[in-house]
Amino acid sequence: MKRFFKINRKIRNTFHKRWMLLSLIVVIAMPIVLGVGLYLKSAMLLEQTSLIKLLFSKEWKPMQGLFGLWPFIVSSLWVTILALLIAGPICLLAAIYMTQYTKKYFLRMMHPVIDILAGIPSVVYGVWGVIFVVPLVSNHLAPFFNTQSSGYSILTGAIVLAVMIIPFILNILIEVFRNIPDQLTEASLSLGATHWETVKHVLVRKAFPGIVSAFGLGISRAFGETIAVLMVVGNVTQIPKGIFQPGYPLPALIANNYGEMLSIPLYDSALMLSALVLFVVVLLFNFASRMAIIKLERHT
Amino acid sequence: MRKFFKLLEERIFQGLMILATYGIAVVLFVIIISILIKGLPSLSWEMLSQTPKGGFYFGKEGGILNAIIGSLYLAFGSTLLALLIGLPVALYMNIHLLNRKKLVNTIRFLLDLLWGVPSIVYGAFGFSVMIFLGMRNSLLAGIITITLFIIPIMIRAIDEVLKSVPRGLLEASLSLGSTRSETAYRVFVKQCIPGIITAVLLAFGRGIGDAAAVLFTTGYTDYIPTSLSHPTASLPLAIFFQLSSPVPEVKDRAYASALVLTIIILVISILSRILSRRFQKTKINF
């Protein structure tokens with residue numbers, strides 16, 4: 001009996017180990033399968049037209065077989081960069097304030113706020129964008145800059161996106177500032193620098209790689225955000241000339257056309273190519289940012 | 001004079017910092033308030049307890065029960081599946097591969113990369129696999145797609161907790177004669193249960209709130225699915241579709257549905273705090 005029990009335990013151990021290993025292999029294979037799968041689907045289109053031409057052509061006429069992704073890429077860039085311009089400084093200031101100027105309990109109080117902001121689904125952000133940000137842009141911001149806008153514009157998308165990536169960037173920045181040794185601050189203060197001078201010349205300089213990578217991760221998050229942006233950005237196929245004009249980012253393009261993509265030849269191939277572009281861009285940004293963070297950790 | 005400017009600069013930036021910090025809290029407040037104001041008037045018991053009736057999309061009777069149930073099915077199914085794959089991976093990384101730091105760090109790096117991949121990419125990928133296999137829009141396809149999307153999140157969240165378990169605990173357990181898998185499931189899981197609950201609920205929240213991954217794969221239907229091969233409605237898509245309707249009553253319902261989803265997310269967030277505090281007791285303190 002005892003002997004049997006022992007074997008049983010061993011078998012169980014082996015079984016668990018096999019299952020663990022199998023799961024690990026599945027997880028590791030995932031990005032490769034994802035990339036290869038998307039490439040195979042877009043290969044049909046790539047055989048006909050070169051990648052450069054597809055990426056930089058302005059003609060998006062699926063019925064005639066013209067799939068230029070340039071207007072969508074430009075829209076995506078506009079929205080993403082603008083969102084980072086709004087969210088970046090706010091996050092930086094807030095992170096410095098929470099880690100350097102306040103007591104510990106304040107950070108503990110703010111944590112639920114950040115967590116809830118991070119947890120709100122993107123579709124709810126979209127609804128909020130429609131009921132709050134769209135009127136704000138069309139009734140207040142656009143007249144302020146002497147233009148007209150329906151409210152469904154690049155700027156609206158960027159504001160909504162900015163709010164969505166704030167908790168994400170903020171969390172990383174707080175971590176970055178917390179990991180800077182106190183001695184640095186103390187040394188600077190003891191030499192007679194004011195609190196702000198210490199922040200400006202010592203902390204920010206020391207944390208600079210961390211800040212850059214936090215922003216990089218924010219960019220990759222914003223670049224792939226779909227539903228919330230889709231709901232407020234207007235979705236007009238054009239190269240936007242100003243922030244009050246509607247745009248049509250890449251993720252929105254994929255999401256909007258899934259229904260009809262099987263009825264037009266090569267359409268699905270074009271959409272899979274845009275998914276592949278998103279995948280590659282996000283991976284590259286993530287890769288660079290994570291590398292920078294790892295380097296930073298090694299130094300401190 | 002120089003001192004004056006120095007002080008002025010300090011004051012200005014301090015003001016900006018306070019503004020930024022409180023601004024973030026205010027934005028959360030504004031979001032919740034504006035969803036409440038718009039959603040509360042059209043939220044009714046009828047809406048929560050009925051499936052869409054004829055003419056629902058023109059403002060007639062019915063509710064979004066199909067979407068609520070569908071979303072819960074999707075989220076529960078995918079969280080379970082992700083836990084089944086994710087927990088062993090996290091344990092394997094922290095127990096079996098403990099002495100192979102480089103390999104583990106590479107896996108972590110890979111998972112961090114995957115964490116950032118937008119859900120629409122998973123959705124598009126899931127869709128093309130579905131077409132390739134000749135499957136139709138279904139609950140199963142949705143569950144699998146969401147699982148792919150939440151696995152990296154779950155593994156990294158669990159891994160982050162397991163990392164903090166002292167090596168001594170592993171050595172103690174092994175020296176008492178238990179196998180590695182026993183150590184993993186009976187000692188490590190027990191020790192980290194608060195963190196694992198948080199990770200599971202985090203993944204659940206992601207799963208229930210994500211629209212882009214299910215947009216392609218689950219389809220949409222007015223009925224509550226009774227099998228894995230049926231198409232399924234989901235809350236995010238219900239909100240999305242209703243909001244794009246020109247009928248004001250339907251739009252109001254979209255706001256109410258958004259309120260329902262927000263409440264679910266808030267409940268999950270509070271639940272994870274309470275549960276992780278409650279299970280703190282089972283932890284061995286060092």
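Tutor: Happy to! Where the two chains touch, 68 residues of chain A and 66 residues of chain B take part in the contact (C-beta atoms, placed from the backbone, within 7 Å). This is a predicted model, in which local features need pLDDT of at least 70 and side-chain atom pairs count only at pLDDT 80 or more, while totals for chains, interfaces and linings use all residues. Residues are numbered from 1 along each chain as its sequence is written, and chains are lettered from A and ligands numbered from 1 in the order in which they are written.

The side of chain A that touches chain B receives the most from helix 1 (residues 2–48) of chain A, which gives 19 residues; helices here are DSSP runs of H or I with at least four residues, strands are runs of E with at least two, and both are numbered from the N terminus. Sorted by class, that side of chain A holds 48 nonpolar, 12 polar and 8 charged residues. Here Ala, Val, Leu, Ile, Met, Phe, Trp, Tyr, Cys and Pro count as nonpolar, Asp, Glu, Lys and Arg as charged, and the others, Gly among them, as polar.

Now for the close look, at helix 4 (residues 104–119) of chain A. Its 16 residues reach 23 Å from first C-alpha to last, close to the 22 Å expected at 1.5 Å a residue, that is, 1.5 Å times one less than the number of residues. Helix 4 of chain A has a kink of about 25 degrees at Met110(A), shortly before the proline Pro112(A); the bend is the angle between axes fitted to the seven residues ending there and the seven starting there. Met110(A) is also buried, along with Ile114(A), Leu117(A) and Gly119(A). Buried means 20 or more other C-beta atoms within 10 Å of a residue's own, exposed means 12 or fewer, and partly exposed is in between. As a reminder, an α-helix has 3.6 residues a turn, so residues three or four places apart point the same way.

What do the buried residues of helix 4 of chain A pack against? Within chain A, they meet helix 3 (70–101) and helix 6 (154–178). From chain B, they meet helix 1 (2–39), helix 9 (193–209) and helix 12 (248–278).

Stepping back, chain A is divided into domain 1 (2–48) and domain 2 (60–299), with bounds from an automatic or database domain assignment. The C-alpha centres of these two domains of chain A are 33 Å apart, and 8 residues of domain 1 of chain A touch 10 residues of domain 2 of chain A.

Of the 286 residues in chain B, 47% are buried. Chain B is divided into domain 1 (2–42) and domain 2 (47–282), with C-alpha centres 32 Å apart. The contact between these domains of chain B takes 6 residues from domain 1 and 7 residues from domain 2.

Ser234(B) counts as buried because it has 34 C-beta neighbours inside 10 Å. Leaving aside residues up to four places away in sequence, Ser234(B) touches Ala67(B), Gly70(B), Ser71(B), Leu74(B), Val214(B) and Thr218(B).
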